[in-house]
Amino acid sequence: MSDQWQYQVRIYLNEKFAEFARNGLGGPALAPLAGILGRHHATMKNHLDAFAEYVAEAEKQGVEHFPLYRWTKVTIEDPAKREKHLKIFTVHIDGDEVYPKQAADALEADLQPLVGGEVITRISKHDTNPANNPQVPEHLRA
């Protein structure tokens, strides 16, 4: 039953605008994106920044309490993965990382016209169904 799953929209920005977006959505090139996010009560969080915050918090609180610590640390230390995650942003709606399908669908539909332009290279929508999400390799679990 798909109603039991929550969803998340991710935005992939071109490298030039990814760096700007990490520092806010000001500027004319990002204005259409900022407008859509505002209408949906949404914000964006850069993957690389989120991963770095997770690692820092784990190291502060004790890595044994953070099951994704090793995987996340390996990811942010790998130059190719750093470059990849620098361009990916998770959209939060009303402060939530995951939200009902209806909200994700509406956001995705509004963002679609911006895909392929100067700023957004693509968008994706993910659900919380474990069968649809890769699992952390055993050797990288805490």
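**Note on helix packing and nonpolar cores**

1. At 9% relative accessibility, H85 counts as buried (buried is under 20% relative accessible area, exposed over 50%, partly exposed in between, with a 1.4 Å probe and protein chains only). H85 sits in helix α5, residues 79-86; helices are DSSP runs of H or I with at least four residues, strands are runs of E with at least two, and both are numbered from the N terminus. Leaving aside neighbours within four places in sequence, H85 is in contact with N46, H47, L48, F51 and T75, where contact means heavy atoms within 4.5 Å.

2. On provenance: this is a predicted model, in which local features need pLDDT of at least 70 and side-chain atom pairs count only at pLDDT 80 or more, while totals for chains, interfaces and linings use all residues. Residues are numbered from 1 along each chain as its sequence is written, and side-chain values use heavy atoms, with hydrogens and water left out.

3. H47, one of the contacts of H85, belongs to helix α3. H47 also counts as buried, because its relative accessibility is 9%. With neighbours within four places in sequence set aside, the contacts of H47 are R10, H85, I88, F89 and T90.

4. Helices α4 and α5 pack at an angle of about 90°, their axes 5 Å apart. Axes here are lines fitted to C-alpha atoms, for helices over the stretch in contact, and angles run from 0 to 180 degrees between N-to-C directions. That makes α4 roughly perpendicular to α5; the classes are roughly parallel under 35 degrees, roughly antiparallel over 145, roughly perpendicular from 65 to 115, and oblique for the rest. T75, I76 and E77 of α4 meet P79, K81, R82 and H85 of α5. By class, this contact has two nonpolar, two polar and three charged residues (Ala, Val, Leu, Ile, Met, Phe, Trp, Tyr, Cys and Pro count as nonpolar, Asp, Glu, Lys and Arg as charged, and the others, Gly among them, as polar).

5. The axes of α3 (residues 47-61) and α4 (residues 69-77) come within 9 Å and cross at roughly 130°, which means that α3 is oblique to α4. The contact involves L48, F51, A52, Y54, V55, A58 and E59 from α3, and Y69, W71, T72, K73, T75 and I76 from α4. These residues divide into nine nonpolar, two polar and two charged.

6. For α2 (residues 31-39) and α6 (residues 101-111), the axes come within 10 Å and cross at roughly 160°. The two helices are therefore roughly antiparallel to each other. L33, I36 and L37 of α2 meet L107, D110 and L111 of α6, a set of five nonpolar residues, no polar and one charged.

7. The largest nonpolar core has 23 residues, and those with the most contacts inside it are I11, L13, L33, M44, V91, L107 and L111. A nonpolar core is a set of buried Ala, Val, Leu, Ile, Met, Phe, Trp, Tyr and Cys residues joined through side-chain atoms within 4.5 Å. At least two residues each come from β1 (7-13), α1 (15-22), α2, β2 (42-46), β3 (88-93), α6 and β4 (120-127). Strand β1 gives the most, with four residues.

8. Not counting residues up to four places away in sequence, L33 touches I11, L13, L25, M44, L111, L114 and I120. A second, separate core of eight residues includes F51, V55, F66 and L86.
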